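Me: Please examine the contact between the two chains shown below and answer some questions about it.

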Amino acid sequence: MSVVSYLARRAAQKERVRILYRRALKDTLNWAVHRHLFYPDADALRERFEANRNVEDIELIERMITAGEAAHDKWRHPDPYIVPWAPGGSKFCRNPTPPAGIEIVYNYGREDND
Amino acid sequence: MASALRSTILRHIRVPVSQTLTVTGSRLTAVRSMSSHDDHLDKQQVVDRVLDVIKCYPKVDPAKVTPDVHFQKDLGLDSLDSVEIVMALEEEFKLEIPDKEADKIDSCPLAIEYIYNHPMAS
């Protein structure tokens, strides 16, 4: 295997790990009822990632990431917190911007009476 | 490339701040924004709050934090630490950053740029 393809594959794996960590951390926050319960959980999650920090074998890393993603998929929160305006949030599309060119004149008719 | 394009687009779709005009002594709102979210952060506010968040991160030496540090090169963090910082920034500014975009944010200038240009940052 050439060096370039090796490095490309490693970069892709690193990105997958970062995204997996990000999603897992968000779900940790979703599962924790209080903030003070979240911190030890987050530390435990970080420990689980740190434990495999020095693994070098690329195939082994691949299998571990796949296993990690499967484990995370099983453990996902059924009702995660979503920022209200974001897709899936409680205020998503609640106040859509009116189409360009339409404006509301609030003082309509006032010029005749004054 | 995509982030540059995104920031250019976001810069052009700013919602105008509602203007007030004075008619016969009383203040009437001529243009009312359609949502309660009509005030945008100014740049200095974004910079200050981003720096505050980064300084509060336990592994960071607060003295080293300036608006143009790179998380991994200058602050000695690793990639998972920068994931945590981005998540802290999301919570600070009440944002939801898509995973792929959050992954690209690896330095202070990028974070400031992204948050400043985000229409929902508050």
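The questions and answers below concern the interface and one residue within it.

This is a predicted model, in which local features need pLDDT of at least 70, side-chain atom pairs count only at pLDDT 80 or more, and totals for chains, interfaces and linings use all residues. Residues are numbered from 1 along each chain as its sequence is written, chains are lettered from A and ligands numbered from 1 in the order in which they are written, and side-chain values use heavy atoms, with hydrogens and water left out.

Me: How much area do chain A and chain B bury between them?

Reply: Buried area is the accessible area (1.4 Å probe) that two parts lose on being put together, summed over both. Carbon and sulfur atoms carry 55% of it here, and the total is about 2400 Å².

Me: How many salt bridges are counted between chain A and chain B?

Reply: A salt bridge requires a side-chain nitrogen of Lys or Arg within 4 Å of a carboxyl oxygen of Asp or Glu. B:Glu84 forms one with A:Arg46, their closest N and O atoms being 3.0 Å apart. The count between the two chains is 11.

Me: Is B:Asp103 buried or exposed?

Reply: Buried means under 20% relative accessible area, exposed over 50%, and partly exposed in between (1.4 Å probe, protein chains only). Because its relative accessible area is 15%, B:Asp103 is buried.
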